[in-house]
Amino acid sequence: MLSKKTKYGIKALVHLAKKEDRVPVQISSISKAENISQKFLESILLTLKKNGILGSKKGKGGGYYLLKDPSQIPMTSIMRLLEGPIAMVPCVSLNFYEKCDDCPDENACAVHNIMIKVRDNTLEIFRNTSLADLSHP
């Protein structure tokens, strides 16, 4: 299940992506418009800033803004930053692979085999969806 952190992060990013002029937007404005706790949103936006998705400006006219065009921000990046591995089990993860302790043979494991299909289909959607696709459906 998608965490609130990821859900709110996506909502905040879509809010910023809809701003054609790319001027900084105050946290309080995003918080109010998207019905997200300001304190929780601050933490999420800071994570996105530290990882090169957002920039920020202090003082009057300050706030957060996208560093790249929304079409250049794939959902895979956002999901991995906020949610972690895209795969549902570690033995099929492309970036966070771990062998399962209880599995003697991954190739014969029914869970492993179906989760590869789930991962591949999920990645296909995330790779082919950018922040622009969400902000201008």
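Proline 90 sits in the loop that runs between α4 (75-82) and α5 (110-127); helices here are DSSP runs of H or I with at least four residues, strands are runs of E with at least two, and both are numbered from the N terminus. The model is a predicted one, so local features need pLDDT of at least 70 and side-chain atom pairs count only at pLDDT 80 or more, while totals for chains, interfaces and linings use all residues. Residues are numbered from 1 along each chain as its sequence is written, and side-chain values use heavy atoms, with hydrogens and water left out.

With a relative accessible area of 36%, proline 90 comes out as partly exposed, a label for values between buried (under 20%) and exposed (over 50%), taken with a 1.4 Å probe and protein chains only. Setting aside neighbours within four places in sequence, proline 90 touches Phe96, Tyr97, Glu98 and Cys100, where contact means heavy atoms within 4.5 Å. Alanine 17 is another matter: 73 residues separate it from proline 90 in sequence, and 32 Å in space, C-alpha to C-alpha.

Now for the cysteines. The structure has zero disulfides, a disulfide being a pair of cysteine sulfur atoms within 2.5 Å. Cysteine 91 is in none, and its nearest cysteine sulfur, that of cysteine 100, lies 3.8 Å away. Cysteine 91 is buried, at 7% relative accessible area. Cysteine 100 also counts as buried, at 19%.

Towards the other end of the numbering, helix α2 (residues 27-34) packs against helix α3 (residues 38-50) at about 115°, with the axes 10 Å apart. Those axes are lines fitted to C-alpha atoms over the stretch in contact, and the angles run from 0 to 180 degrees between N-to-C directions. On the α2 side, Ile27, Ser28, Ile30 and Ser31 meet Gln38, Leu41, Glu42 and Leu45 of α3. By type, the residues of this contact split into four nonpolar, three polar and one charged (nonpolar: Ala, Val, Leu, Ile, Met, Phe, Trp, Tyr, Cys and Pro; charged: Asp, Glu, Lys and Arg; polar: the others, Gly among them).

As for the overall picture, the protein has six helices and two strands, in the order α-α-α-β-β-α-α-α along the sequence. Its C-alpha trace spans about 60 × 30 × 25 Å along the principal axes. Of the 137 residues, 41% are buried. Among contacts between residues at least 6 apart in sequence, 59% join residues at least 24 apart.
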